[in-house]
Amino acid sequence: MIAFILRRLLQSIAVLLAVGLVAFSLFRYVGDPINAMVGQDTSMEDRALLREKLGLNDSPPVQFLRFVSNAARGNFGLSYRTSEPVGRMIFERVPATLELAFCAAIFVLFVGVPMGVYTGLYPKHWSSRLLQTVSLLGVSLPPFLLGILLILVFAVMLHWLPSFGRGQTVQIGWWTTNFLTISGLKALILPSITLGLFQLTLIMRLVRSEMLEVMRTDYIKFGRARGLSNRAINFGHALKNTLVPVITVMGLQLGTLIAFAIVTETVFAWPGVGQLFLQSVQFSDIPVMAAYLLLIALLFVVINLIVDLLYFVVDPRLRSQGGAARVAGH
Amino acid sequence: MAMQQPATTSWLHRVTDSDVWWSFKSSPTTVAAALATLFIFLMAFLAPLLAPHTPFDPATLSLSDGLKPPVLISSDGEWTFPLGTDDQGRDVLSSIMYGTRLSLIVGFASVIVAMLIGITLGLVSGYFGGVVDAVIMRVADVQLTFPAILVALLIDGVVRGIISVQRHDEIAIFVIVGAIGLSFWVQYARTVRGSVLVEKNKEYVQAARVIGLSPVLIMVRHVLPNVTGPVLVIATINLGLAIITEATLSFLGVGLPSTEPSLGTLIRLGNEVLQSGDWWITVFPGITLAALVLAVNLLGDWLRDALNPKLR
C-alpha cells in the first residue's frame, strides 16, 4: 500500500509539472508581460531594462524553473487587470467557493443517495418512475438555466431567498464563513441546489442501478434468511457495496463540478474563485488564468489521491497484499 | 428512369426492414424525440421565411413595442408578438428562431471540427504507434480530466490575449467553434485508435499493404469504415453537449456577441432584466434550449443502444 501511494505521488508530481508547463507557456508567450506592466510612454531602454531585471531574457528552462519555484511558494505575480498579487486574490476567494462546494456535496449525498436507494429497492413503484423521469430532465437542464429559473421563482416571484451574493459573512481569522448568519445560510440554498442537481441525478441513477444489481446477489438472500431487519440489509449490506462505484464517479465528476462552479458563481454573483477566473478570461488576465489552472490541477491530484485511499476504507478486500493492482480494475 | 425506380424502393426497403428502424418504431419516446428535433430544426433553419419579424435589423424595431408580455398571459400583449418582446422591442419568438439557428450551426460545426481532429489523431496514433501514440494518448488523458467548458474558456482567454477586442467580436463564432471542437476530440481519438489497433493486423489490411497502398489510403478506405457506427453515436451525444457548452459560454459572456445572439446570449440578455419580473425574455429561449438538448440526447441514447448489439 505504501509503494502504491508513493507511485501515485510520483505520477501526481508529473501531472502537476505538465500543467505547470502549460501555465508557464501561457504566462510567457501569450501577450507581452512588459506591455501589461508599463504605460505607453515608457521608452524602449526602460523596457529592455525591466525585461532584463525580470529575467525575461534568460533561457526558457531557467525561466520555467523559476516559475515553478515561485508557484510552489504561492507567488504567481501581479494581475494584469487589478495589479494585485494573484496569490492573494485567489486566496481571499477560496472560502466562498469551498463553502458552496461543501453545501452542494452535502445536498448531493444526503438527497441523492437515499433517492437512489429508494428507487433501487422499489423500481416498479410510481414514485420511483416519476423520480427517474424527473432526473432525465435534470440532466438536460444546463446549470445556468436551472439557476435562472430558481432565481425567478424563489427570489423574484416569491421573495423568499436572495438572488445574488453571499449575504452577511463572519470573519474567522482569514476565513470568511456563511454558516454563522441567517442571511448567509439563506444565500447558500439556491447556489448549492444549482451546483448539485446534476451530480444528484447522476448519483441517484448510479446508486439505483447498483442497488438493483446488489439486491439480486446471494448474500442479500442469506441476510434475509438469517432474519436481519430490512434496515440492516438495505443500508448495512446493500448500500455499502454500492459505494465503490459511487466514490469513483464522484472523483471523476470533480471536473464537471469545477466547471459548474464557474457557471453557478456567475449566475448568483457569488464572490468565489470561479467568478474570478471568468473575469480573468474576459480580460485575458493571463497570470490569474495560469494560477487558476495550477490550482485546479492540484485539486485534481489531491482528490484523486483521496479517492484511491477511500477504496481501501470501503473495500476490506483491497487492504491485503497486491490490493493496489485490483483498484485499477474498478 | 425505369432502372432507377427499383433501386430507390429497395433502398427504402432496406431501411424499413432493418433492425435499427424496428427499434426506432417500437420506442414511442424516440419517435417523439425525433419529431421534436425535426420541428426545432425546421423552425430554426426556415427562420428567414417563417419568423414574423427580423429582430436584429435595427430599422424594423420600435422602442414603443418594448417589453410587451406574451399574448396568452396578459391583455397587454399583441398577436404580432405572440411570445412578447424584450426591452428593445425585439420579438421574442423571432429572436428564438434565429438564435436556435445559430446554436445549431455552432453545435454542428464544432462537432465536425472535433470529429476531424479526433479521427485524424486516432488514426495516426493507432496506425503508427510508438512515441507518436504515447504522446497523443497522454495529451488526451490530461485533457479528459479537464471539463470542456474549462478548456473552451482557456482557449477563448488566450485568443483574447492575442487579438484585439473588435477583431474578437468579428471572429467570435470561429473562436467558439474551434474552442468547443478542441475540447471534444478525445473521445473520437480513443474510439478510432482502439479499432485501428484491432483492424491493422487483420489480413485484409496486410494485403492492402502488400499491394503497395499508401498508409493514408489504407486508413481512410479500409480502417475508417469500421468505426462509422461508434463515431456516429459519439457525434450525436456530443451534439447535445456542444449546444449546452456553446449556450453556457455565450451566457457567461465569452461566446457569441449580442449583435448575433444564440440561445445562450438571449438567455444572458434576458437575465439582465430578470429582476424586474419580465420573465418571458429569459424563460422562452430557456425552454427551447432545454427541449432541444433533451430531444437530441434521447436520440443519442437510442442510437447508442440500437447500434450496439451487446446491449440488447
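This is a predicted model: local features need pLDDT of at least 70, side-chain atom pairs count only at pLDDT 80 or more; totals for chains, interfaces and linings use all residues.

Tutor: Happy to. Where pLDDT is low, coordinates should not be read in detail. For chain B as a whole, the mean pLDDT is 80, and 86% of the residues reach 70 or more. The model itself scores ipTM 0.76 and pTM 0.80.

Now for the helix you asked about. Helix α5 of chain B covers residues 92-128, and its axis comes within 8 Å of the axis of helix α9 (residues 172-183) of chain B, with a crossing angle of roughly 45°. That angle makes α5(B) oblique to α9(B), and the crossing is right-handed. From α5(B), the residues that take part are B:Val106, B:Ala109, B:Ser110, B:Val113, B:Ala114 and B:Ile117. They meet B:Ile173, B:Ile176, B:Val177, B:Gly178, B:Ile180, B:Gly181 and B:Leu182 of α9(B). Sorted by class, this contact has ten nonpolar residues, three polar ones and no charged ones. The spacing of the residue numbers is worth a glance as you turn the model. An α-helix has 3.6 residues a turn, so residues three or four places apart point the same way.

Let us step back to the chain around this pair. Chain B has 15 helices and zero strands. Of its 312 residues, 45% are buried. Among contacts in chain B with a separation of 6 or more, 70% join residues 24 or more positions apart.

Helix α11 (residues 203-210) and helix α12 (residues 215-223) of chain B pack at about 145°, and their axes are 11 Å apart. The crossing of α11(B) and α12(B) is right-handed. Here B:Tyr204, B:Val205, B:Ala208 and B:Arg209 of α11(B) meet B:Ile218, B:His222 and B:Val223 of α12(B). The classes in this contact are five nonpolar, one polar and one charged.

The axes of α1(A) and helix α4 (residues 60-72) of chain A are 10 Å apart, and the two helices pack at an angle of about 110°. That makes α1(A) roughly perpendicular to α4(A), again with a right-handed crossing. α1(A) contributes A:Gly20, A:Leu21, A:Phe24, A:Phe27 and A:Arg28, while α4(A) contributes A:Gln63, A:Phe64, A:Phe67, A:Val68 and A:Ala71. Seven residues of this contact are nonpolar, two are polar and one is charged.

Finally, the two chains meet. Their contact takes 28 residues from chain A and 34 residues from chain B. On the chain A side, α1 (2-29), α7 (143-157), α11 (254-267), α12 (273-282) and α13 (286-314) each give two or more residues. By class, the side of chain A that touches chain B has 20 nonpolar, eight polar and no charged residues.

Methods
Residues are numbered from 1 along each chain as its sequence is written. Chains are lettered from A and ligands numbered from 1 in the order in which they are written. Two residues are in contact if their C-beta atoms, placed from the backbone, lie within 7 Å. Helices (H or I, at least four residues) and strands (E, at least two) are DSSP runs, numbered from the N terminus. Ala, Val, Leu, Ile, Met, Phe, Trp, Tyr, Cys and Pro count as nonpolar, Asp, Glu, Lys and Arg as charged, and the others, Gly among them, as polar. Axes are lines fitted to C-alpha atoms, for helices over the stretch in contact, and angles run from 0 to 180 degrees between N-to-C directions. Angles under 35 degrees count as roughly parallel, over 145 as roughly antiparallel, 65 to 115 as roughly perpendicular and the rest as oblique. A crossing is left-handed if the near helix is turned anticlockwise from the far one by less than a right angle, and right-handed if clockwise. A residue is buried if 20 or more other C-beta atoms lie within 10 Å of its own, exposed if 12 or fewer, and partly exposed in between; C-beta atoms are placed from the backbone. pLDDT is the predictor's confidence in each residue, from 0 to 100.
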